[in-house]
Amino acid sequence: MRKIVCLTLAVALVLGLCACKARQVNTESSPSSEAASTAPESSSGASSRPEAPEPSSSEASSSEESSKPSSSAASSSAASSSKPKPQTPVSSEYFTKDQLTYINSLSAKSQNYWFGTVKDGHNRPNGAMQFQKKYQATQNIACVAPLNTDGQKRIYLTFDMGWEYNKSYTVKILDTLKEKNVKAVFFVTKDYAKKSADMVRRMIDEGHIVGNHSVSHPEMANVSVERMAQEIMGLHNYILENFGYEMFLFRAPSGNFSEKVLGVSKTLGYNNVFWSFAYNDWDVNNQPNEETSYELYMKCLHDGGIFLIHGLSKTNVNILGRVIDGARAEGFEPTLYDFKEAGTVS
C-alpha cells in the first residue's frame, strides 16, 4: 500500500513540473502589450504591428473625425504606416484665439463684387467707390486708388493669371510692359506658378509685383475659414519657398467675397485688391473685338483706376501696347502701386 501511495505522489510531481515548464515557455514567447509597443521596428522601417482597418465608405464620408486613425494606429511611428497623419486644424496654426473670435464675428454672407456702370465726376464707377468707402476704415482693400494730388493722373494695370499656360501670351505681355517701361501686378494661382515658373521668375526679376490669387481658385466665401487660410497661405508659402518672394496682395477669385474673407486675408497680412475696370475678356473661345475693346479702355480711363486684365485673352495681348500709348496720350500714366496703403477715397 505504501508503494502505491509513493508511486502516485511521484507521478503527480512529474506532471506538475511539466505544466510549470509549459507556462514558462508561453510567457517567454508572448510578450505583454506594453513590451510589444516598445519593440524596435524592422530595418525596413515597417512596423511589425498590423495597422487599423480602413473605414468603410459610409464611415469615411460621415465626418472628418471618422477618417482619423484609431488610437492604436496613431501611436505608431510615421514610418510604420503609409496613411497620412491627421492634419492640425489651420485655425490653430494661423490664427490666435482672439483673431478667430474677430473673424467669426464677421458676416459669412457670400457676395460677388461689381464696380457698376454709373460714374462720378472723375469718371470713377460709383459701385467701386461705395464699396471702398464701406470697408476702407475696417479692412485693407483697394477698389479705386486715391486721386493723385501732383497733377499727374495715374492708372494701375493688374493681370489675373489662373490658367494662362500659353506662354507666348505671357511673354508678349512682359515684353510689351518692358518696352513701354511699365510695371504691373500679376495675381497668380499655385497651378500657374508651378507650370509657368519661368514666367513668375521673370515677373519678379523685372520689378513687377506678384500677387496671391489662391491655391485652387475657389469661391472663397463658400469655403470654411480653415480652407480660406489654406488657399492663401498654401500659395504664399509655395512662392516664398520656391522664389524667395513674399506676397502681400490678395485678389479673391471671381470677385467672390464675404466679410469673413476680407477679415481672414487682412489677419494673414494681406491687402485685398479689387478693381474699377474689367470687361468680358476671359472666354478664350469668344474673344471681344480688338477695336471695340480698345475704345472701351479709353472710355473708362479714370485717375486711380485699377484695371483687371486677364492674361489668357488674345485681344488683351494684342492691344496692350496701344492701350498704354492711348492712356498716356490722354494724360494717364500706367504706374506700379503696391496698395500697402490704399488710402481713403472721396
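## Core, aromatic pairs and buried polar residues

Of the 85 residues in the largest nonpolar core, Leu-157, Phe-159 and Leu-177 touch the most other members. Helix H11, residues 225-243, gives the most to this core, with nine residues. The model described here is predicted. In soluble globular proteins, nonpolar side chains tend to be buried together. Leu-157 shows what such packing involves: not counting residues up to four places away in sequence, Leu-157 touches Leu-177, Val-182, Ala-184, Val-185, Phe-307, Ile-309, Leu-320, Ile-324 and Pro-334.

The chain as a whole has 14 helices and ten strands. Buried residues make up 42% of its 346 residues. Among contacts between residues at least 6 apart in sequence, 76% join residues at least 24 apart.

### Aromatic pairs

The structure holds 18 aromatic pairs. In one of them, the rings of Tyr-113 and Phe-274 have their centres 4.8 Å apart and their planes at 45°, so the pair is tilted. Tyr-113 lies in the loop between strand S1 (111-112) and helix H7 (126-135), and Phe-274 in the loop between strand S8 (271-273) and H13, so the pair ties together parts that are 161 residues apart in sequence. Tyr-113 is buried, with a relative accessible area of 7%, and Phe-274 is buried as well, at 1%.

Another pair is made by Phe-159 and Phe-186, whose ring centres are 5.0 Å apart and whose planes stand at 15°, so this pair is stacked. Phe-159 lies in strand S3 (residues 153-161) and Phe-186 in strand S4 (residues 185-188), so the two tie together parts that are 27 residues apart in sequence. Both Phe-159 and Phe-186 are buried.

Tyr-113 and Phe-274 also belong to one aromatic cluster, together with Phe-131, Tyr-135, Phe-257 and Trp-275. Phe-131 and Tyr-135 are among the buried residues of H7, which also include Gly-127, Ala-128, Met-129 and Gln-132. The buried residues of H7 pack against S1, strand S2 (141-142), S7 and helix H12 (259-267).

### Helix H13

Which residues of helix H13 (residues 290-299) are buried? They are Ser-293, Tyr-294, Tyr-297 and Met-298. These residues cover an arc of only 140° around the axis, which puts them on the same side of H13. The face turned away from this buried side carries the exposed residues Thr-292 and Lys-299. The buried residues of H13 pack against strand S9 (305-310) and helix H14 (314-329). Arg-322 lies over the face of Tyr-294, at 4.0 Å from the ring centre.

| Residue | Relative accessible area |
|---|---|
| Asn-256 | 1% |
| Ser-276 | 3% |
| Arg-251 | 1% |

Asn-256 lies in strand S7 (residues 256-257). The C-alpha atoms of Asn-256 and Met-220 are separated by 6.2 Å, while the two residues are 36 residues apart along the chain. Leaving out residues up to four places away in sequence, Asn-256 touches Ser-110, Gln-111, Asn-112, Glu-219, Met-220, Ala-221 and Asn-222.

Ser-276 is found in the loop between S8 and H13. Its side chain makes a polar contact of 2.7 Å with the side chain of His-302. Among the residues that Ser-276 touches are Phe-115, Pro-125, Ala-128, Cys-143, Val-144 and His-302.

Where does Arg-251 lie? Arg-251 is in the loop between strand S6 (249-250) and S7. Arg-251 counts as buried because its relative accessibility is 1%, and buried means under 20%. A polar contact of 3.0 Å joins the side chains of Arg-251 and Thr-158. Arg-251 also touches residues including Asp-160, Phe-187, Asn-212 and His-213. Phe-274 and Trp-275 are among the residues touched by Arg-251 too, and both are members of the aromatic cluster.

Methods:
Residues are numbered from 1 along each chain as its sequence is written. This is a predicted model: local features need pLDDT of at least 70, side-chain atom pairs count only at pLDDT 80 or more; totals for chains, interfaces and linings use all residues. Side-chain values use heavy atoms; hydrogens and water are left out. Buried means under 20% relative accessible area, exposed over 50%, partly exposed in between (1.4 Å probe, protein chains only). Helices (H or I, at least four residues) and strands (E, at least two) are DSSP runs, numbered from the N terminus. The arc is that of the directions from the helix axis to the C-beta atoms. Contact means heavy atoms within 4.5 Å. Rings of Phe, Tyr and Trp (its six-membered ring) pair if their centres lie within 6.5 Å; planes under 30 degrees apart count as stacked, over 60 as edge-to-face and the rest as tilted. A charge sits over a ring if NZ of Lys or CZ of Arg is within 6 Å of the ring centre and within 35 degrees of the ring normal. A nonpolar core is a set of buried Ala, Val, Leu, Ile, Met, Phe, Trp, Tyr and Cys residues joined through side-chain atoms within 4.5 Å. A polar contact is a pair of N or O atoms within 3.5 Å; within protein, one must be able to donate a hydrogen and the other to accept it, and residues adjacent in sequence count only if both atoms are side-chain atoms.
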